[in-house]
Amino acid sequence: MRRIISVLLENEPGALSRVVGLFSQRNYNIETLTVAPTEDETLSRLTVTTTGSDKVIEQITKQLNKLIEVVKLVDLTEGAHIERELMLIKLKATGAQRAEIKRTVDIFRGQIVDVTSTVYTVQLAGRSDKLDAFIQAVGTTGVLEVVRSGVSGIARGEKVLSL
Amino acid sequence: MELLSGADMLIRSLQDEGIEYIYGYPGGAALHIYDALFRQDKVKHILVRHEQAAVHMADGYARASGKPGTVLVTSGPGATNTITGIATAFMDSIPMVVLCGQVASTLIGEDAFQETDMIGVSRPVVKHNLSVRHPEEIPEIIRKAYYIASTGRPGPVVVDIPKDMTTPNERYEYAFPNKVKLRSYNPAVRGHTGQIRKAVDMLLAAKRPIIYAGGGVILGKATEQLTELTRTLGYPITNTLMGIGCYPASDKQHLGWLGMHGTYESNMAMHHSDLILAVGARFDDRVTNATEKFCPGARIIHIDIDPASISKTVEADVPIVGPVDAVLREMIGMVKEARQDPDADALKSWWKQIDDWRAFHGMRYETSDEAIKPQEVIEMLHRLTNGEAYVTSDVGQHQMFAAQYYKFDKPNRWINSGGLGTMGFGLPAAMGVKLNYPDDEVLCITGEGSIQMNIQELSTCSQYDLPVKIINLNNQALGMVKQWQDMNYESRHSQSYMESLPDFIKLAEAYGHVGIRIERKEDLEPKLKEALAMKDKLVFLDIYVDRFEHVYPMQVARGAMKDMWLSKTERV
């Protein structure tokens, strides 16, 4: 099953490599990974999406917790949560394609953020499967370049992951 | 406040940490530190002949004393040579601090002379590693390193020290912190009372219980509590290779150790049990055999300081995270207060069954009129040293024979590389023990393969006068490899022969030690006695043992715990 694990990490050099190293060392899978500092400059927030059996996920969270620089973590998929991924995608846009792409972007509530005579650059945010669906809708032949941020997530309601 | 250079602060911090000995080897990036070391006499440095040995020495000391060992090396090759030693300590959760020189911070990343990314290289085999970014941080980093290494589940910590952090003429205010606090590191100080109560109820209701104890009991200094609980309950106890000594081997409730080369009765009792109380053990693959066939009728209570060890390979029914001593103490209290006693009838028939298994096999081997059996060498050593010696071993058949036939009644006396299985561990580990326990007998039980992996340390032994006894069980082959080849590869002995063995006697003598060769059975006892009588000499005993001996019992690969070879022809 796919899981989103969200980690508060000491914002120190080498901390990220420990997390990534743990995954490769123990043969765990990383699907997406995103990391950036938080409002507290001593902490980073890292979000990793991974897949595995319940036993593997339990080991992943336990092993992550053992890392000295991991302050706290939560498996967001255990409760109600919001997940978002940002995609920047360059699409071939000439002739009749231009209007069609524009319509599709509107349907997906995306934005065209850069335009040339032959190319649209589209920005789209949402769940990962929505981004997948957009790529499918525009057809892979017109896709010139895809940049995805990886998943960020946060729990719904009053639950917070903080010190 | 005192002003000190980074190098002086480092050595002062070691003094304030109470470190007596450090083991190491100098080199360019560590020279400021070595100069600071020279200008004081509280911290004593032991110069090894290879950095790997420095780590094993620190490790041997840590295993015997329960206190963290300390290593000092230079950057690059000095640092990378420590990796096998660090990995050895990591696998067995041994507390240790490894201080590594590094090229100046201004040169890092430029492929400077003797530059290696030690933080990166060591990352998978350390509990933690720390890099010095400013000299003022040194006292705190040193305190942190020892704190992390020795608390919770212990392990090695590497500290990387760029040369410009130790420059002699740059001085800073020195203050050694009494305490460190890490917001992200809080090892459990006690177990969950509700879980412990649940475990006690299960324990008292069990019909065929067994206690399975591991190295965590020794690391957690909980042998007293374990012994008290075991005796109060009257249950059988087995332990892992790493747990040897956590419960007296000579006691009748002790079934010997379990797993691949464990006793018949231990493995049978585990397989047929209905309740396993696992204490500081990690259900290693050399214990469980095939996990899907592991102890089918047993419910499992698992006590460990490391939550990640619980339900990693075998699912626990009642997990208890906490220090083993505190959890066991709480358990003992509850067992004593409980209205219910263990089921006496069930226990009686369980012991009857166990005694039958004991009678069927126990520990036995075929003796010979001519060949010296490795097992009998160990038994004789046990007798001649009253079972009181510190015994280090290398890795292979001799290690298993030593663990099987030297019966340890005390913890911290059996010192081997159980997790990583590092050949070359035995001699330097013995040196680390002897240096710190000069009045005790220290035996290094080894083989002609393993001893050659760190034999250069015979030189260190002369320099520091370390009269360990090296027992080389020489079977002229890499015995365990050969045994597997006999059993699984139709005796095709691929690369398991040593066709050009040195004359170990001359070699020992060349380093200023005593060498004794034993080839005839009748010489064994008098020559062992002669060697043990030479209290102030390192004696290298080169004993030619039966070349065809195998280690038994041996679990059948991919079988259950109960599936074992008991001899070359007998399989159960």
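This is a predicted model: local features need pLDDT of at least 70, side-chain atom pairs count only at pLDDT 80 or more; totals for chains, interfaces and linings use all residues.
1. Chain A as a whole. Along the principal axes, the C-alpha atoms of chain A fill a box of roughly 55 × 35 × 30 Å.

2. Burial and contacts in chain A. Chain A has 163 residues, and 26% of them count as buried. When the contacts in chain A with a separation of 6 or more are considered, 73% of them are between residues 24 or more positions apart.

3. Where the two chains meet. On one side of this contact there are 15 residues of chain A, and on the other there are 14 residues of chain B. Helix 1 (15–25), helix 2 (54–66) and strand 4 (70–75) of chain A are the elements that give two or more residues to the side of chain A that touches chain B, and the largest share of that side, five residues, is supplied by helix 2 of chain A. Sorted by class, the residues on this side of chain A are three nonpolar, six polar and six charged.

4. The nonpolar cores. The largest nonpolar core contains 189 residues, and B:Val71, B:Val159 and B:Val279 are the ones with the most contacts inside it. Helix 3 of chain B, which spans residues 51–65, gives the most to this core, namely eight residues. A further core of eleven residues lies apart from it, and its members include A:Met87, A:Ile89, A:Ala93 and A:Leu131.

5. The surroundings of B:Val71. Which residues is B:Val71 in contact with, leaving aside its neighbours within four places in sequence? Among them are B:Ile22, B:Tyr23 and B:Gly24, together with B:Ala54, B:Val55 and B:Ala58, and also B:Thr82, B:Met96, B:Val98 and B:Leu99.

6. A pair of helices in chain B. The axes of helix 1 (residues 6–17) and helix 2 (residues 31–38) of chain B come within 8 Å and cross at roughly 55°, and these two helices of chain B are therefore oblique to each other. The crossing of helix 1 and helix 2 of chain B is right-handed.

7. What the two helices bring together. Helix 1 of chain B contributes B:Ala7, B:Asp8, B:Leu10 and B:Ile11, which meet B:His32, B:Ile33, B:Asp35, B:Ala36 and B:Leu37 in helix 2 of chain B. By class, this contact of helix 1 with helix 2 of chain B is made up of six nonpolar, one polar and two charged residues.

Note on methods. Residues are numbered from 1 along each chain as its sequence is written. Chains are lettered from A and ligands numbered from 1 in the order in which they are written. A nonpolar core is a set of buried Ala, Val, Leu, Ile, Met, Phe, Trp, Tyr and Cys residues joined through C-beta atoms within 7 Å. A residue is buried if 20 or more other C-beta atoms lie within 10 Å of its own, exposed if 12 or fewer, and partly exposed in between; C-beta atoms are placed from the backbone. Helices (H or I, at least four residues) and strands (E, at least two) are DSSP runs, numbered from the N terminus. Two residues are in contact if their C-beta atoms, placed from the backbone, lie within 7 Å. Ala, Val, Leu, Ile, Met, Phe, Trp, Tyr, Cys and Pro count as nonpolar, Asp, Glu, Lys and Arg as charged, and the others, Gly among them, as polar. Axes are lines fitted to C-alpha atoms, for helices over the stretch in contact, and angles run from 0 to 180 degrees between N-to-C directions. Angles under 35 degrees count as roughly parallel, over 145 as roughly antiparallel, 65 to 115 as roughly perpendicular and the rest as oblique. A crossing is left-handed if the near helix is turned anticlockwise from the far one by less than a right angle, and right-handed if clockwise.
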